[in-house]
Amino acid sequence: MVMATTTSTAAATALASVTLEVADPEAARRFYSAFGVDTYVRLRVCEAHSTGFRGFTLALTVSGPATVDSFVGTALDAGATVLKPAAKSLWGYGGVVQAPDGTIWKIATSAKKDTGPATREIDEVVLLLGVEDVKATKQFYVGRGLTVAKSFGGKYAEFAPGRSSPVKLALYKRRALAKDLGVPADGTGSHRIVLGSTVGTFTDPDGFVWEAAASLAPTPS
C-alpha cells in the first residue's frame, strides 16, 4: 500500500479541543482523573439519545506493554469495562476499554516487549472518527483548511495536529474501526462528542459537530 503525504504551510482550521457529552460530568471527571487522561478531554452535561457505536474512539499510544496494562488496569479500577483484553498482535500490544459514560478508549503500543518498567506517560492521543467515505470526508476537511499528514487511500487519513490541542485527528472506515474495537458498527443518535474548532461552527458529512473552541468551556470543578 502506498502512503500519500500532504503538507501545507498553514491550516485555516485546526482541532483545538475534544469535549465529551456525558450524563454525569462529576462522575466522568472522577473517572478520567483516575484513568490519567483528564487533561486531554473536556466534559459537558448532555442527555442526547445515543445507542450502539457512537462512531469514534480515543486512542492512547504508549511506550510498552507494561504501560498498556497499567492504563487498562486503572481504567477498570475506576469503573470501565473491557471490550478487548490487552493482548499481542501483529502490530504490537493493546487493549480496548469503555468508560462508564460510554466513550471507547484504545490503549496500544507498537512494542511487543518491555524495555523498562511501566510509566504513566502518554506518547500520543488520537481521535479516530469512523466515517462512511474516508476520501470524501478527508476532502471536506481539506476544504476547511486542515492539513493531511498521512493518507492510505480510502482506508485511513491523518491530519497535522493543531498547536492548541494535544489530540491528533484521524479518519478511519466506520465498520473497520468498529471491528478493531470489538463492537458492532450499528448505532443511532448523537455521537456524544463535540470538536473544538479554531474558526467556527460546522458539521461534517458523518454528523460530527464542530463548535468554536471559545464556546466550549469545560464544566466547572
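Let's start at the largest pocket, which is lined by 28 residues; Trp 91, Lys 106, Ala 108, Leu 128 and Asp 180 are the ones nearest its centre. Keep in mind as you look around that this is a predicted model. The space inside that pocket comes to about 850 Å³. Sort its lining by class and you get 14 nonpolar residues, along with eight charged and six polar ones. Strand E5 (residues 81-88) supplies the largest share of the lining, with four residues.

Now move along to helix H3, which spans residues 134-143. At its start, Asp 133 has a side-chain oxygen within 3.2 Å of the backbone nitrogen of Lys 135. Which residues of H3 are buried? They are Val 134, Thr 137, Lys 138 and Tyr 141. Look down the axis of H3 and these buried residues sit within an arc of 105 degrees, so they line one face of the helix. Turn to the face of H3 directed away from the buried side, and you'll find the exposed residues Lys 135 and Gly 143.

What do the buried residues of H3 pack against? Quite a list of strands: E8 (124-131), E9 (148-152), E10 (156-159), E11 (167-173), E14 (202-203) and E15 (209-212). Past the end of the helix, H3 is followed by Gly 145, which has a positive phi near 105 degrees.

Is Gly 154 buried or partly exposed? It counts as partly exposed, because its relative accessibility is 31%, and the buried class stops at under 20%. Leaving aside residues up to four places away in sequence, Gly 154 touches Val 134, Lys 135 and Lys 173. Val 134, then, is one of the buried residues of H3, while Lys 135 is on the face turned away from them.

Last stop: Arg 192, in the loop between strand E12 (187-189) and strand E13 (193-197). Most residues other than glycine have a negative phi. Arg 192 isn't a glycine, yet its phi is positive, at about 60 degrees. This arginine is also buried, with a relative accessible area of 8%.

Terms used: Residues are numbered from 1 along each chain as its sequence is written. This is a predicted model: local features need pLDDT of at least 70, side-chain atom pairs count only at pLDDT 80 or more; totals for chains, interfaces and linings use all residues. Side-chain values use heavy atoms; hydrogens and water are left out. Helices (H or I, at least four residues) and strands (E, at least two) are DSSP runs, numbered from the N terminus. Buried means under 20% relative accessible area, exposed over 50%, partly exposed in between (1.4 Å probe, protein chains only). On a 1 Å grid over the protein atoms alone, a cavity is a set of points where a 1.4 Å probe fits but cannot get out, and a pocket is an open set with protein on both sides within 12 Å along at least five of seven lines; lining residues have an atom within 4 Å of a point. Grid points are joined across faces, edges and corners, and a volume is the space filled by probe spheres set on the points. Ala, Val, Leu, Ile, Met, Phe, Trp, Tyr, Cys and Pro count as nonpolar, Asp, Glu, Lys and Arg as charged, and the others, Gly among them, as polar. The arc is that of the directions from the helix axis to the C-beta atoms. Contact means heavy atoms within 4.5 Å. A polar contact is a pair of N or O atoms within 3.5 Å; within protein, one must be able to donate a hydrogen and the other to accept it, and residues adjacent in sequence count only if both atoms are side-chain atoms.
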